[in-house]
Amino acid sequence: MAEPIHVLSVEDLSPAQIDQLRAVSPRLIIEQQPCESSAAIEQALTPQTTILLTNAARFGLMNAPNLRWVQLTSAGVNHAYGTALWQNDITLTNASGVHAAHLAEYVLAVILAHAHRLPQAQRLQARAHWPGREKGDLLMPAELRGRTIGILGYGAIGREVGRLAQTFGLRVLATRRTTCPPQFDGWTPAGTGDPDGSIPARYYDLPELHALLADSDVVVLALPLSQATHHIIDASALATMRPAALLVNIGRGGLIDQDALITALRAGKLGGAALDVTNPEPLPPDSPLWGFENVQITPHIAGMSSRYNEYVTELFAENLRRYLAGTPLLNLVDRARGY
């Protein structure tokens, strides 16, 4: 009989979700020990631990000499940079795709709120004010149909944004590395996304970014943060955007040069922004971004979902099957690219 494989979860999965992992194979010895700190993770690891499920990355590996693979429960991996885990040759996979459904819904929600002037209407409601003749100037909506959305980062989240946007009649543009095929090779909940990559009317490589920006009424940032994408939306990029365009950031705050964004908003050179992520976080109370009526700010909540662990368990179970079969894992992290 094949040797057992010890799998440790330091996340808080439900008993049913642990049973779902155990059902993958009798070879798997699944143990769960939720940990609140890096020190606790270090103590939970043993020489028998072969596979680890965790959201944290800044822990020592001295107690786990036989650790071979770590499945992160986060899509972003920048919190692992410089850690023992990052510098080791342990296989690392992320949870890209688990956010696809709810993050894409968030993107469409803020786009619709901006287009239909809901923030302005809510401010009027707070004052118990029913506008008169000025109603048209204050609350005239901008119909989405026939407009263009540019999606920077056409992975699991970007593809679901594209699918939903298409149903509203938006023309979809997207970025994609020229070396990569349009087909999707990661994980995403069943029925979501654009598996064959057929939705975008046109793809752009990142060096062509300004052409995409100039052609978009809405720009969505769904990129990972890396050296190549830090401040990818800078003053020159903002100057290229349409004066009425909406900028939506669901990636990381560092994707945008916030000083340049504030300058563009003050000058009236941008239609608005919807920011679920900022730099730093929390956004300081004295940040000028709080004061713009055309800026929607949420406290990094777009990735939250009551079904999060359900999706993580589905992904992890599929990767466990692949690990046992010796086939490539989904969502392999490329350390050279940084994600």
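Contact here means heavy atoms within 4.5 Å. In this predicted model, helix α7 (residues 156–167) lies across strands β6 and β7 (171–175), and α7 runs at about 170° to β6.

Strands β6 and β7 belong to an open sheet of 7 strands with parallel pairing, in the order β8-β7-β6-β9-β10-β11-β12. At the edges are β8 (202–204) and β12 (295–297), each of which pairs on one side only. From one strand to the next, the twist averages 15°.

Within the sheet, β6 (residues 148–152) and β9 (residues 218–221) run parallel and are joined by 4 bridges. Isoleucine 151 has valine 220 of β9 as its bridge partner. Helix α4 (residues 100–115) also packs on the sheet, where α4 touches β6, β9, β10 (246–249), β11 (272–275) and β12.

| Helix | Strand | Angle |
|---|---|---|
| α4 (residues 100–115) | β10 (246–249) | about 155° |
| α7 (residues 156–167) | β6 | about 170° |

The axes of α1 (residues 15–22) and α11 (residues 308–325) come within 9 Å and cross at roughly 15°. Angles under 35 degrees count as roughly parallel, and α1 and α11 are therefore roughly parallel to each other. The crossing of α1 past α11 is right-handed. On the α1 side, the contact is made by Gln17, Gln20 and Leu21; α11 contributes Asn309, Glu310, Thr313, Glu314, Phe316, Ala317 and Leu320. By class, the residues of this contact are 4 nonpolar, 4 polar and 2 charged.

Terms used
Residues numbered from 1 in each chain as written. Predicted model: local features only at pLDDT ≥ 70, side-chain atom pairs only at ≥ 80, totals over all residues. Heavy atoms only, no water. Axes fitted to C-alpha atoms, helices over the stretch in contact; angles between N-to-C directions. Helix = DSSP H or I, 4+ residues; strand = E, 2+ residues; numbered from the N terminus. Parallel < 35°, antiparallel > 145°, perpendicular 65-115°, else oblique. Left-handed = near helix turned anticlockwise from the far one by under 90°. Nonpolar A, V, L, I, M, F, W, Y, C, P; charged D, E, K, R; others polar. Pairing = 2+ DSSP bridges.
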